[in-house]
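These are my notes from a pass through the model, kept in the order in which I looked things up.

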Amino acid sequence: MSAPSQDQAPPAATTLRPTLEELRERKARSRQPVHGDREVLTVSMGPHHPSMHGVFRAEVDFDGEVIVATRPEIGNLHRGVEKLAESLTYHQVIPLTDRLHYVASFAQNHGYCEAVEKLIGMEAPPRARFIRTMAHEMTRISNHLLWLGIHIMDFGAITFQQICFREREYMMDMFEMLCGARLTHSYCRIGGVAKDLPDGFAERMYGALDFLPTRISEYERLIDKNRIFLGRAKDVGIFTSEDCAAWRVTGPALRAAGVARDLRKDEPYAAYPEIDFESAVEYEADVYARYRVRMREMRESVKIIRQCLENMPEGPVLAKDAAHVIPEKKDVMRSSAAMIQDFMQVFQGPQVPAGEVYRAVETPHGELGFHVVSDGSPKPQRLHIATPCFFHCQATTPMWEGEMLADVVGIFGSVDVCLGSCDR
Amino acid sequence: MVQANLDELSAALKTVQKELTSKFGKKLLETSTFRGELTLVVAPEDWIAVLTYCRDSETLGFDRLDCLFGNHYPERADQPFEVVANLTSIPNTTRVRIKTRLADGESLPTATGLWPSAGFDERETWEMFGVVFDGHPNLQRLLLISDFQGFPLRKDFPLEGLVGGRIRTDLKGKL
């Protein structure tokens, strides 16, 4: 048999994509058979375990090193956000949403404000929409950097976390410049954002955008061809698109299974319709594909932030709507109308129509939905938060079954779970 | 209650509304629209039938249960509880909301057979509102401690105070 000639064109990308049947077969092959007749050892993993990404506890039944069954237990961080929200006005709920997912807090602020704005039937002014889009993508980069460092640490490379935190620190400094807070931003407001960009923000941001793509390439050089990582990530934790739909697994894990589902494109919000970007889709549905999706998303985020800065229109950052919006602090001190508006909004709350809406946004870890029920009073009658992490924790049961003990940590890390968001 | 104004629905949602109305007719007790979203109210006995049809129909294709949760309206004397399911179709990018209203103590069949992701949602709804889901594989407390008393998201449950939680009198003087 002759060797294939060098000038032969590589097969088209479509033929390399595994079909659903192939993925099912691969999944069945990668999982170990479970012997029902053998003795089962039950181990309690977590809640205080370095690999558990928060206070997550799972009771796991082992047959040797193979997982037979998993019973996830959550609730150690339950703070009753939904109950608390019923006693607060719509404005006062914003800081609570920060604490849902403290790694990507702007994304939670943004989702909540989009939901309330849909309920009211208002829209943020164009400049605010661009600032929101930019801040959301900054969150995505800093969240993925944290995830990447911790995820690679799960596989045993301790130093890598420090490298990722170097860039994440820069993004947190940018947030500090933007709104004064590094972790819990509370920057979004109903009808816009809290304040305009500070002087010199765009210049510093451009600096970050210049070095980020080279740093991402640097990470890829360290990880992409690392034999230890490839051996532990390829064909491990396969979770097909049908599994994702059944267990409501969303975000990068869904896109890694070949589904081009991205709410930024499917149900556009903020300034995303005016921005040119791709949603990253991979087809292998394993831990490695989820890693690839996130790396590509970071590059897309850099592109989105650059477009936001270049195309950002001038104008106000808060809607002119006295019935629903808290005015900017600098106006409150200078104009009597703004002071009255501030007083009414803080003491009385916004005048919201009766009705109910569901609004979901694409946060870094998946689709975050807010269901707001209003009876016409300034406080929500019911606020239900459908967080992606809640369902990702539940999906550990089918994801871990038949896998080896050593892979559990990598698989759990690959879906990116935050327990604050899970327990609410 | 908000009235149905079918004109504000998108073309895809209009087809969903037409198909469900032609299939279930009078079983859809109420149809309402708000901000371009479609809400349908069904009786508890039709709950699983409607959800199954939404999932299995080729044209509707609601392949994912986005969330399922409860709500409490103490002012409605006969049916104070509501269970809401938000369904999503990934290929059609449409959403629909199916609701049912329950009397105090009335139970609802579980949807875990349709979507396994309903497991946690139904456990949460039970522990927060006391709505029992018949046939649920593991209906236990999820977010709260296992011997918590009461259903905290009911409107008559107080926000503050030593209620619900366990007060360990047996440890007095031992700590």
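In what order do the elements of chain B run from the N terminus on? I read them off as α-β-β-α-β-β-β-β-α-β. The tally for chain B is three helices and seven strands. I note here that this is a predicted model.

**Chain B, overall**

I took the extents of the C-alpha trace of chain B along its principal axes and got about 70 × 30 × 25 Å. Chain B has 175 residues, and 36% of them count as buried. I then looked at contacts in chain B with a separation of 6 or more; 54% of these join residues 24 or more positions apart.

**Chain B, the sheet**

I traced an open sheet of five strands in chain B, with the order β1-β2-β5-β4-β3 and mixed pairing. Which strands stand at the edges? They are β1 (28–34) and β3 (64–72) of chain B; each has a single partner strand, so one side of each has no neighbour in the sheet. From one strand to the next the twist averages 20 degrees.

I checked one pair in detail. β2 (residues 37–42) and β5 (residues 94–102) of chain B pair in the parallel sense, over four bridges.

Helix α2 (residues 47–56) of chain B lies across β2, β4 (81–89) and β5 of chain B. Relative to β5(B), this helix runs at about 170 degrees.

**Chain A, helix pairs**

I looked at two packed pairs in chain A. For the pair α7 (residues 159–179) and α8 (residues 201–223) of chain A, the axes come within 11 Å and cross at roughly 165 degrees. An angle over 145 degrees counts as roughly antiparallel, which means that α7(A) is roughly antiparallel to α8(A). The crossing of α7(A) past α8(A) is left-handed.

From α7(A), the residues in this contact are Phe160(A), Glu167(A), Tyr170(A), Met174(A), Met177(A) and Leu178(A). They meet Phe201(A), Arg204(A), Met205(A), Ala208(A), Leu212(A), Arg215(A) and Leu222(A) of α8(A). I sorted the contact of α7(A) with α8(A) by class and found ten nonpolar, no polar and three charged residues.

For α5 (residues 105–120) of chain A and α6(A), the angle is about 140 degrees and the axes are 8 Å apart. That makes α5(A) oblique to α6(A). Their crossing is left-handed.

Phe106(A), Ala107(A) and His110(A) of α5(A) meet Arg132(A), Ala135(A), His136(A) and Thr139(A) of α6(A). The classes in this contact are three nonpolar, three polar and one charged.

**Chain A, helix α18**

Is helix α18 (residues 405–414) of chain A largely enclosed or largely open? Seven of its ten residues are buried, so α18(A) is largely enclosed by the rest of the structure. I list the buried ones as Val408(A), Val409(A), Gly410(A), Ile411(A), Phe412(A), Gly413(A) and Ser414(A). Their cover includes β3 (66–73), α6 (126–154), α9 (227–233), α13 (287–311) and α17 (396–400) of chain A. After α18(A) comes Asp416(A), with a positive phi near 60 degrees.

**Chain A, positive phi in loops**

I looked up two further residues with positive phi. Asp235(A), which is not a glycine, has phi near 60 degrees, and lies in the loop between α9 and α10 of chain A. Ala285(A) has a positive phi of about 65 degrees, again without being a glycine. The loop that holds Ala285(A) is between α12 (263–266) and α13 of chain A.

Buried or exposed? For Asp235(A) I find 16 C-beta neighbours inside 10 Å, so it counts as partly exposed. Ala285(A) has 29 other C-beta atoms within 10 Å and is buried.

Conventions:
Residues are numbered from 1 along each chain as its sequence is written. Chains are lettered from A and ligands numbered from 1 in the order in which they are written. This is a predicted model: local features need pLDDT of at least 70, side-chain atom pairs count only at pLDDT 80 or more; totals for chains, interfaces and linings use all residues. Axes are lines fitted to C-alpha atoms, for helices over the stretch in contact, and angles run from 0 to 180 degrees between N-to-C directions. Angles under 35 degrees count as roughly parallel, over 145 as roughly antiparallel, 65 to 115 as roughly perpendicular and the rest as oblique. A crossing is left-handed if the near helix is turned anticlockwise from the far one by less than a right angle, and right-handed if clockwise. Two residues are in contact if their C-beta atoms, placed from the backbone, lie within 7 Å. Ala, Val, Leu, Ile, Met, Phe, Trp, Tyr, Cys and Pro count as nonpolar, Asp, Glu, Lys and Arg as charged, and the others, Gly among them, as polar. Two strands pair if DSSP finds at least two bridges between them. A residue is buried if 20 or more other C-beta atoms lie within 10 Å of its own, exposed if 12 or fewer, and partly exposed in between; C-beta atoms are placed from the backbone.
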